[in-house]
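Student: I am new to this structure. Could we go through it together, one question at a time?

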Amino acid sequence: MWKLQYRPYRLPFRQTVRTAHGPWGSREGFLIRAERTIEGRLESGWGEAAPIPWFGTEDLEVAAGALGGLEGRAKDLADALARVPAECVSVRAGLAAALGAGMEDPGKMNGGEAVKFLPVAGLLPAGREALAAAEPRLELGFRVFKWKVGVMPPAEEWALLDDLLGRLPDGAKLRLDANGAWDRRTAERWLERAAERPIEYIEQPVAPDTRGVEDLLRGLAEDYPVPIALDESVNSARDVERWLAADWSGVWVLKPALLGEPKPVLARLAKAGADVVFGSSLETAVGARTALRLAFAWADAKGGDAASRRALGFGVWPLFQEATANAPVTGAFVRREDLERIDPEALWNVLN
């Protein structure tokens with residue numbers, strides 16, 4: 001029997017994050033600690049429930065109710081998940097991590113050596129602040145960047161786009177993340193401009209609840225050469241199945257902290273040969289460790305060299321004012337050994 005504990009957190013960001021959904025000043029969620037004793041030996045596991053309601057997850061109150069409903073115990077993961085509603089995707093993801101399901105490191109699944117490091121994309125702030133933020137990230141070695149758009153009038157952002165691209169060296173790539181802010185016509189105008197520029201892909205150009213969104217996004221993907229990535233559209237196993245059924249052939253940006261139990265979802269996508277990018281949901285180091293372990297496991301299974309892998313969407317650190325909540329700052333690459341430097345108990349103790 002596992003003993004389950006959880007502690008809420010509210011951690012201010014070092015800088016307010018601006019998105020198409022508005023300013024975001026702090027992260028709220030729950031750390032989850034699981035312990036059991038087997039033959040006199042203590043086993044422990046850690047997870048994080050980090051909901052983002054405007055992404056389609058449960059809210060904090062519902063997450064707290066789901067965790068409280070477990071009454072501090074679970075026989076195993078199946079028992080825990082059976083008592084948590086399916087819509088509580090962030091709680092289910094946290095429990096999957098804490099109880100160890102799918103967190104094993106497969107190492108040599110592809111018959112070769114385990115992947116030692118993965119490239120990371122640097123997150124740039126929205127608006128004009130991106131121009132100043134690009135230079136220090138270039139000095140750290142970043143060559144793939146992600147810029148939040150859809151927070152200013154399009155004409156202003158188009159001018160900034162060219163200014164920003166002018167500061168990037170040859171070979172650099174830029175991802176644009178609209179967070180579903182555009183209508184169809186605005187998305188088309190952005191895609192027209194992106195087609196003539198070194199844009200790697202555009203994330204979630206229209207909102208996931210847009211009427212006929214499957215046909216709309218597939219049509220845009222067919223009409224323009226710049227790839228389109230799903231983001232807010234895929235936050236549960238149900239969403240993944242929906243888009244697989246729609247024959248989505250673009251990029252899948254997956255935030256494991258919002259996926260529910262990730263192992264079967266990733267297995268399904270691997271079988272379909274999906275083009276997957278693992279991304280941060282601006283969780284703490286505890287949730288980031290889980291997500292990055294999954295990213296390394298995916299890379300191990302896929303094989304190939306570093307140049308063939310899309311950069312992870314984890315270039316966000318240091319993110320929080322509270323240092324123990326931050327994952328190690330690693331620059332343009334994250335190494336497997338960096339994950340072992342993350343100490344969940346340090347943050348747990350700060351929240352006491």
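Student: Which residue lies over the face of W158?

Tutor: Happy to start there! This is a predicted model, where local features need pLDDT of at least 70, side-chain atom pairs count only at pLDDT 80 or more, and totals for chains, interfaces and linings use all residues. Residues are numbered from 1 along each chain as its sequence is written, and side-chain values use heavy atoms, with hydrogens and water left out. A charge sits over a ring if NZ of Lys or CZ of Arg is within 6 Å of the ring centre and within 35 degrees of the ring normal; at 3.5 Å from the ring centre of W158, the residue is R193.

Student: Why is the pair of W24 and W54 edge-to-face?

Tutor: Rings of Phe, Tyr and Trp (its six-membered ring) pair if their centres lie within 6.5 Å, with planes under 30 degrees apart counted as stacked, over 60 as edge-to-face and the rest as tilted. The centres of W24 and W54 are 5.2 Å apart, so what decides the label edge-to-face is the angle between their planes, 75 degrees.

Student: Is W24 buried or exposed?

Tutor: Buried means under 20% relative accessible area, exposed over 50%, and partly exposed in between (1.4 Å probe, protein chains only). W54, at 33%, counts as partly exposed. With a relative accessible area of 15%, W24 is buried.
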